[in-house]
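Trainee: I would like a close look at one part of this model, the cavity and the helix packing. Please take it step by step.

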Amino acid sequence: VDLRELVEGVLSTLASQAQTKGLALRFEAAPAPIVLPTDRRLVTQILINLVANGIKFTHQGGVSVALIAQPGPQALPVVEIQVSDTGIGIPPEALGQLFDAFNRGKGAAIQGIEGTGLGLHLSQRLAHALGGRITVHSVLGQGSCFTLRLGG
């Protein structure tokens with residue numbers, strides 16, 4: 001799968017949602033294709049969930065996706081896809097349960113934001129099925145960065 005092409009497709013799919021909210025949608029990657037033997041459908045679903053969440057929980061600023069590849073063992077690259085937003089952020093005490101099923105978080109910041117609390121849970125399960133994982137770094141009131149790591 002050419003991951004650069006895949007990310008561009010996901011961003012194209014979600015561009016109107018970002019535009020409706022007045023948010024910037026950015027993509028950073030080396031100009032060369034980044035190819036990894038993986039399941040296109042599953043990676044697409046993970047990225048749709050992560051980028052859509054970034055848009056959902058961001059009220060000003062934007063969402064950025066960075067595609068980073070490094071040499072890995074056996075000539076396969078290790079790829080990180082970082083989805084960063086300038087949204088509401090996640091309280092430190094909530095990070096431990098973030099990938100739990102039906103976890104919607106709590107507090108005034110998410111009032112009125114729809115969702116089942118399954119997107120991150122399912123995304124993490126899909127990442128594990130691909131031999132990868134998703135990690136998160138967040139600062140309350142400043143935004144979050146979710147990193148999907150695949151390959152190697």
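What volume does the largest cavity have?

Mentor: The model is a predicted one, and the values below are computed from it. The largest cavity has a volume of about 30 Å³. Counting cavities of 30 Å³ or more gives 1 cavity. Its lining is made by Ile68, Gln70, Val78, Glu80 and Arg149. Strand 2 (62-71) and strand 3 (77-85) each contribute at least two residues to the lining of this largest cavity. By class, that lining has 2 nonpolar, 1 polar and 2 charged residues.

Now the helices. Helix 2 (residues 40-56) packs against helix 3 (residues 119-129) at an angle of about 150°, and the two axes lie 9 Å apart. Angles over 145 degrees count as roughly antiparallel, so helix 2 is roughly antiparallel to helix 3. The crossing of helix 2 with helix 3 is left-handed. On the helix 2 side, the contact uses Leu42, Gln45, Ile46, Asn49, Leu50 and Asn53; on the helix 3 side, Gly119, Leu120, Ser123, Leu126 and Ala127. This contact of helix 2 with helix 3 comprises 6 nonpolar and 5 polar residues, with no charged residues.

Helix 2 also packs with helix 1 (residues 3-20), here at an angle of about 35° and with axes 10 Å apart. Helix 1 and helix 2 cross in a right-handed manner. From helix 1, the residues in contact are Leu3, Glu5, Leu6, Val7, Val10, Leu11, Leu14, Gln17 and Ala18. They meet Arg40, Val43, Thr44, Leu47, Ile48, Val51, Ala52 and Ile55 of helix 2. Sorted by class, the contact of helix 1 with helix 2 has 13 nonpolar, 2 polar and 2 charged residues.

To put the helices together: helix 2 packs with helix 3 and with helix 1. Its crossing with helix 3 is left-handed, whereas its crossing with helix 1 is right-handed.

Conventions:
Residues numbered from 1 in each chain as written. Predicted model: local features only at pLDDT ≥ 70, side-chain atom pairs only at ≥ 80, totals over all residues. Heavy atoms only, no water. 1 Å grid on protein atoms, 1.4 Å probe; cavity = no way out; pocket = protein on both sides within 12 Å on 5 of 7 lines; lining within 4 Å. Points joined across faces, edges and corners; volume = space filled by probe spheres on them. Helix = DSSP H or I, 4+ residues; strand = E, 2+ residues; numbered from the N terminus. Nonpolar A, V, L, I, M, F, W, Y, C, P; charged D, E, K, R; others polar. Axes fitted to C-alpha atoms, helices over the stretch in contact; angles between N-to-C directions. Parallel < 35°, antiparallel > 145°, perpendicular 65-115°, else oblique. Left-handed = near helix turned anticlockwise from the far one by under 90°. Contact = heavy atoms within 4.5 Å.
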